[in-house]
Amino acid sequence: MDSVGDDAPLVGRTATLDAIRTDLLDTGPGGTAAVFVTGESGVGKSRLLRETADALRAGGTAVLTGTCLDIGDASPLHPVLQALRRRGSAVTEVDGDAGALLERVSRELRAVAGERHLLLVLDDLQWADRSTRQLLLYLLAGLGDVRLSVLAAVRAESLQGTHPLRRVLAELRRLRWVRVVDLAPLDRAGTQELVTAIAGDGVEAEDADRVFKRSGGNPFVAEELARDLRDGRVELSDTLREIFLSRVDELDPQAHAVVHAVAAGVEPVEHPVLARVLTLPEDRLIEGIRNAVAHRFVVGAPDGYRLRHRLVAEVLEHQVLPAEQAVLHRRYAEALEATGSADHTRLAHHWQQAGEPQRALPSVVAAAHAAERLYGFAEAHRYWSLALDLSCDASTDRTELLAHAAESAHQCGEHQRALTRLEELAARPDGPGECEIHLRRARYLAAAGRSVTAEIEYEKALAVPACTPGEKATAAAYLAELLLHLGRYADAGARAREALRLAEADGTTADLVRASAALGFSEAFREDPDAGLAVIRHAVEIAERSGHPDDLGCAYLHLAELLTGPLNSLEEGVLVARRGAQKLAEMGVGRSYQTRLLAIAANGLFRVGQWAEAERVIDTAMRHRPSGADAVELLLARCRLWVGFGDIEAADRDLDAVATVLAGGGARHVLPMLTLRAGLAMWQGRHAEARAAVQRGLTETRSDDLVLMGILAWHGLRAEAEAHAAGGTVDPSAVRRLTTVVDRMTRGVANAAPPVRAVIDGYQDLCAAELSRIEDRHDPHPWARAAAVWDKRQQPYPAAYARLRMAEASFARKGKRSAAITALREAYATAQAMGAKPFAAEIAAVAARARVTLGEPDAVAATPAPDAGDPLGVLTGREREVLAKVAEGLTNKEIGQQLFISERTVGVHVGHIFDKLQVRTRVQASRVYLGAV
Amino acid sequence: MTVSVWGPVHQDMTALLTGQPDDVPAVVDQLTKLQDILERVPPLLCSNPLADFNKLYLHITTTVLDRLYEGRFADPAFLSRLDVEFAARYFEALRHWSQGSAACPRVWSVLFHRVGGPDCRPLPSAAAGVNAHINFDLPFALVTTFDYFGSDPVDDGDQHADYLQINEIFADAIPGLRRGYLEKWQLLIDTINGDLDDWWQGETIEYARNVAWRNGQRLWSVRHDLPATAKERERLDSNAAALGRLLLSPLGALLQ
Ligand SMILES: Nc1ncnc2c1ncn2[C@@H]1O[C@H](COP(=O)(O)OP(=O)(O)OP(=O)(O)O)[C@@H](O)[C@H]1O
Ligand SMILES: [Mg+2]
């Protein structure tokens, strides 16, 4: 009872089919490709998908096909899990987080593919749930490490309005390896060919022409009209609705029943289920099915029956009485229960349509739990809401349902709903206590961006007598965190102290860690970094004792952020971050924390100029298969390296991957992406592109984000200066806007915390210097100043850049050459050591123009690649350097002075060296070193 | 489908509309180019009603861009995205119209139909465009914007405040829609029947934008339900189209 055989031959799509096939196999640098076919209903999308899949399968591609359901509330990842289930692999729950689930699904997909390329076909994507869309983007970004192509069909009608796919497609189609094919109806000749194929050669030209006019080239309609023609039926109708209705009327009663039943079902409808739904004797049932298939309504497959076309269901829906419909659904629900189905989603759907809310409720609740197990919080939230709709006010479990509904709404970003549900919950006599309500309300309000009201709510929690000291500790810790975000450091510090005091009695480790972190940052921002550091270090100790992954991850994250952020203690920050990641990895927990810690380490390494090491760290982190924001963070970090190394292709690839993930939403990362785009464009001499990226960035930067403004303004001015230097034109309005931004920064910096001020100073110097370049002043002084500031911040890259420009300006002025030459050579050595190829090339070009020889790069700075037999192979580049000094017999203090790092940091390095070399004294360590070199 | 709805500038128009701006500077750029093209559409040239609207819209968007550069919004990423999504709907309506597609919202068709004449007063024309854009496009743009940020339209937050700032810009730009004209407009509204009247109780842009915010919230709540969204879309389109027709009728001239 297969359907494929009796399809009319495919008409008028040869070119499209070829093009799609080529596009699908022409994967981008990430190893993936996608084609989205859009078009009106009946235009032939599903058919095209089928034909393409067949062709590729024949060519040796592994094909996996899934269809999205139109039942409104599908379970998370439905089409993909369904496709996998058909291959015998079931994914019902995964421990860990949403990322672990994505990784698990990718693994299944890799298993299906084996050595072959994989084609994932998704039909009716307009009905896909949020998690499916996210999985799709994850896969297309190459994060799942599956080399695959995606072929999906989307009904054009549903892309109007607010459909999220509309935006996703708009973003994706900018990428080179994504195509959106808008499938047009057949033309006159095509329609004629179809008509002839169905009704035979004897068809009058004018009849065929009428079919074209009436169908508008829609193959579905044309096909049916042609059948009418062939069968000599009087043409009564040209809307699909009418065509179908007249056809249904012609069916015998059994077949009629079959069609109606399948239309009301969730496809595929298994035979035993259908048999229970229709109370027909077996032979009549079989006959009915045969008939429905013969009349091209139903198709049969090993897993069950489907309508040949879902449109039929839409048409029939209006044809049956609501009562009939309800009966069918009730029978479905009963049949599913009788056959022992665990498909809660389907059961919930049928009971609900059957008008039996009480019986639907348990299935809906089960579906909600199942969705949560698959981290589909948006789906879970919809089920919880549905459960509430189904339950009455008096029912006993309403309170629990409300609690779930509120929390799931909060988790999936439905803030308004979360707050409304919480109010209902608060009004329940058996609801949670006053204190918990305040705490939750405050959390929800803060998430909704209503910080003023959130603050009041936390204060209430702190004031009510009903709250235990433990609960108050939680409130104070959260409040401290909120105040910190609002930049009220003194208040944050006070609340954090209060939290610590309260938590001493009976607080949780989580509260202690949160409060310590807030206190640490507030102290650091208020110029007492050591006090701040001491508090967070203490928190790390507490977390280590508790051993809970969240506590550990959180504490290490805060410590690393404090060190690499406001304290600018980059090396130590990197060490801490790596140690934290290592600890969690040894425990085999906290995947997301590990990734975030490694991202901090990589960014720190980038800033101190240890790029090769940064690349290694990112490689390790990527092996954790991060997803979502974590993945974007790492991709951006890696892309920054590629830009520095001058590997344009790799940089483009990572930017594409970032754009793919971000097509699903997420504003936080757009700005870093734009600065990278600007940086990349500048190396390629594409100044207009750099300018556009900067302008967009500036319009989207919050006015309190001074650091980002600094980076963007510098990039912008640099792009103008570079355009000018290349003989291009400077855009005066862009320069004017950029100077306005610099002024805004100057005003803002007056109120900023000292650590922020220090960073901004660095960018302001760079901006001032670029302006002098735009104005042809050839003034080395602003550049010298910038170089000094960045030296002090221990960031060799911007410092070296400033040195290059300083030398350039001096040469142009014909000033003293010796200082300029020294600066240029220093810059060159730095660039070489980091592996910054385009930068080094530019220095070399300036040197050539000025007839300066740069000499050999500093041999010490280049880190030799570790090899297996080398006992020092386990050490990082920096650790080797420290060890070399140790072997010279220097003290930590002396080493610190020589390497421009703090004595404390040297101590940490030495500790690590001991650990890694498994030695306990400096003498032993020196011996290993001397034995190896 | 007519061969070329835009006459001699059809090609320029089609070429321009293939661009899909994704930031506010690019939207301003596209609107500027569009203005140039619209003023070349015969027979009305500079006095075609769509050019009147586009000019106003360009002015408003430029002001938004200036404010973005000045750092006047609390959440500029949100506002930029909204601006882009908002403009995308206008460009898409134009695209549909150019292709003679039935998907062109009626509320826009009402205005587009008048591009070929007869002549219309600039203020009602601009108002008809504003009507289409705010009463129909804006709620959808709000929903897609919030969906992008993974959050929802919450009253009294930063985003709501930024959103309301746009009211000022509109009010400054259309003095004609401010107080003095309200009675006349009320008179107009009174002449037409029920549904519209309920819906359009207040008349200032400020009011309309709040209606849009609320419509946005309503759409948000049904956004997973395709039939319900389609129904809502239909409702918004027919209401706004009725008002648009009214604005462009001889009665609309009263506003001038
Ligand atoms: N090019 C073609 N040549 C012959 N038959 C075709 C062609 N395209 C489509 N058909 C037939 O038309 C019918 C409808 O096509 P199909 O189911 O692919 O539409 P669709 O675009 O997927 O519609 P929907 O959006 O409703 O799912 C099918 O029976 C299909 O075999
Ligand atoms: Mg289909």
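Me: How much area do chain B and chain A bury between them?
Reply: In this predicted model, chain B and chain A bury about 3600 Å² between them, and 47% of that area is on carbon and sulfur atoms. On the side of chain B, the residues that lose the most area to chain A are B:Y69, B:Y148 and B:L226, which together account for 20% of what that side buries.

Me: And how many residues does each chain put into the contact?
Reply: Chain B contributes 44 residues and chain A contributes 39 residues.

Me: What about polar pairs and salt bridges across the interface?
Reply: Across the interface of chain B and chain A there are twelve residue pairs in polar contact, both residues of each pair being at pLDDT 80 or more, and the rule finds seven salt bridges there. One of the salt bridges joins B:E92 to A:R166, with the closest N and O atoms 3.2 Å apart.

Me: Which helices of chain B supply the side that touches chain A?
Reply: At least two residues each come from α3 (49-69), α4 (76-98), α6 (122-149), α10 (205-221) and α11 (226-248) of chain B, and α4(B) gives the most, with seven residues. By residue class, the side of chain B that touches chain A divides into 17 nonpolar, eleven polar and 16 charged residues.

Me: Switching to chain A, what is the strand order in the open sheet?
Reply: The five strands of that open sheet in chain A follow the order β2-β3-β4-β1-β5, with parallel pairing. β2 (62-67) and β5 (178-182) of chain A stand at the edges and have a single partner strand each, so one side of each is left without a neighbour in the sheet. On average, neighbouring strands of this sheet are turned by 15° against each other, direction ignored.

Me: How many bridges hold β1 and β4 of chain A together?
Reply: Strand β1 (residues 33-39) and strand β4 (residues 148-155) of chain A pair in the parallel sense over seven bridges, and A:A34 has A:V150 in β4(A) as its bridge partner.

Me: Which strands does helix α1 touch?
Reply: Helix α1 (residues 14-25) of chain A packs on the sheet and touches β1, β3 (118-123), β4 and β5 of chain A, its direction making about 150° with that of β1(A). Within helix α1 of chain A, A:R21 and A:D18 lie three residues apart, about one turn of the helix, and their side chains meet in a salt bridge at 3.5 Å, N to O.

Me: How many salt bridges over all chains?
Reply: By this rule the count over all chains comes to 78 salt bridges.

Me: Back to strands: are β6 and β7 of chain A parallel or antiparallel?
Reply: Strand β6 (residues 298-301) and strand β7 (residues 304-307) of chain A run antiparallel and are joined by four bridges. β6(A) and β7(A) form a hairpin with two residues between them, and A:V298 stands opposite A:L307 in β7(A).

Me: Last topic, backbone geometry: is the peptide bond from A:E267 to A:P268 cis or trans?
Reply: The bond from A:E267 to A:P268 is cis, with omega near -5°, and A:P268 is found in the loop between α11 (253-264) and α12 (271-277) of chain A.

Definitions and conventions:
Residues are numbered from 1 along each chain as its sequence is written. Chains are lettered from A and ligands numbered from 1 in the order in which they are written. This is a predicted model: local features need pLDDT of at least 70, side-chain atom pairs count only at pLDDT 80 or more; totals for chains, interfaces and linings use all residues. Side-chain values use heavy atoms; hydrogens and water are left out. Contact means heavy atoms within 4.5 Å. Buried area is the accessible area (1.4 Å probe) that two parts lose on being put together, summed over both. A salt bridge is a side-chain nitrogen of Lys or Arg within 4 Å of a carboxyl oxygen of Asp or Glu. A polar contact is a pair of N or O atoms within 3.5 Å; within protein, one must be able to donate a hydrogen and the other to accept it, and residues adjacent in sequence count only if both atoms are side-chain atoms. Ala, Val, Leu, Ile, Met, Phe, Trp, Tyr, Cys and Pro count as nonpolar, Asp, Glu, Lys and Arg as charged, and the others, Gly among them, as polar. Two strands pair if DSSP finds at least two bridges between them. Axes are lines fitted to C-alpha atoms, for helices over the stretch in contact, and angles run from 0 to 180 degrees between N-to-C directions.
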